[in-house]
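Colleague: I'd like to learn how to read a structure like this one, feature by feature. Can you take me through it slowly?

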Amino acid sequence: MQLHLVDAFTSSPFTGNPAGVCLTDTDDAAWMQAVAAEVNVSETAFVDLSTLAATGEVGLRWFTPKVEVEICGHATLASAHVLFEHGLAPSPIAFRTASGVLRAEQLPGGGIQLDFPVDEPVSALPDGHLADEFADALGAAVVELARCRYDVLVEIPSAEEVRALEPDLSVLKAASGRGVIVTARAEDDPAPGAPDFVSRFFAPAVGIDEDPVTGSAHCCLAPYWAKRLGRERLVGAQLSPRGGEVGVELAGDRVLLRGDAVTVSRGELLAETTVTARVT
């Protein structure tokens, strides 16, 4: 079984978001969870090519070091990058996932485009939580709070404050949902190609204190900032220490996510596709 380590939403090694990509046809979730814990990056993707010839679809699942997740942008980008790099699947790829069919295609000028479901944010507080809790946990004023399908979105006043955040993760962990997206407008008049908005993503509830670049969070950030900025095609910069950029475009009930990826390492996974011990 091949195991790749790919940095996604970047063209430079050791930046962006690292993802493990394992090519396997196993359906042993406990084994996949054990491998993800061993790889120990924010997500490891498990790619099943066994159905491609018969159905035209590629199986795809994602695991953090602690849990399986329903959707993941950067590990999908990393998976498509590996398949394109080795000629294992033609463009576009239809990935069969827990979130339905997600498509990835090579762009003529370079990079990869993902077709994901839009995640329309709704202005609301998480059940049982107050805006003051988030302000205290972040150390920043709250401009807006919204609920997405998986996450809580918090807008704060400036990009500088987003970059400087040192949040109280215990409070964010207690908030309902997968994680907390903290965002702000980048600049009043950004230069062509410069980011339109910035964000950081904290998900201690699923074992990720901070995710470097979160593609799926941009399914919520895209409609949120499109309404505020009056444009459907935008660029988001995630201001984690590793950093990365995600191009977004609204397309009806879908969001197109664009980015680059670079393979950092590849090898052979020797562990058998069974586990006997419970992973905790």
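Modeller: Let's begin with helix 7, residues 218–229, which is mostly covered: 10 of its 12 residues are buried. Buried means under 20% relative accessible area, exposed means over 50%, and partly exposed is in between (1.4 Å probe, protein chains only). Helices (H or I, at least four residues) and strands (E, at least two) are DSSP runs, numbered from the N terminus. Keep in mind that this is a predicted model, where local features need pLDDT of at least 70 and side-chain atom pairs count only at pLDDT 80 or more, while totals for chains, interfaces and linings use all residues. Residues are numbered from 1 along each chain as its sequence is written, and side-chain values use heavy atoms, with hydrogens and water left out.

Colleague: Which are the buried residues of helix 7?

Modeller: They are His218, Cys219, Cys220, Leu221, Ala222, Pro223, Tyr224, Trp225, Ala226 and Leu229. After the helix comes Gly230, with a positive phi near 75°.

Colleague: I see cysteines there. How many disulfides does the structure hold?

Modeller: A disulfide is a pair of cysteine sulfur atoms within 2.5 Å. The structure holds 1. Its partners are Cys148 and Cys220, with sulfur atoms 1.9 Å apart. The Cys148–Cys220 link is left-handed, at -45° about the S-S bond. Cys148 sits in the loop between strand 10 (144–147) and strand 11 (151–155), and Cys220 in helix 7, so the pair ties together parts 72 residues apart in sequence. Cys148 and Cys220 are both buried.

Colleague: How is the pair of Tyr224 and Trp225 arranged, stacked or edge-to-face?

Modeller: Edge-to-face, with 5.4 Å centre to centre and 85° between the planes of Tyr224 and Trp225. Elsewhere, ring pairs link Trp31, Phe46 and Phe63 into a cluster.

Colleague: What sits over the ring of Tyr224?

Modeller: The charged end of Arg228, 3.5 Å from the ring centre. A charge sits over a ring if NZ of Lys or CZ of Arg is within 6 Å of the ring centre and within 35 degrees of the ring normal.

Colleague: Now zoom out for me. What does the protein chain contain overall?

Modeller: There are 7 helices and 18 strands in the protein chain. Buried residues make up 52% of its 280 residues. Along its principal axes, the C-alpha trace spans about 50 × 45 × 30 Å.

Note on methods. Rings of Phe, Tyr and Trp (its six-membered ring) pair if their centres lie within 6.5 Å; planes under 30 degrees apart count as stacked, over 60 as edge-to-face and the rest as tilted.
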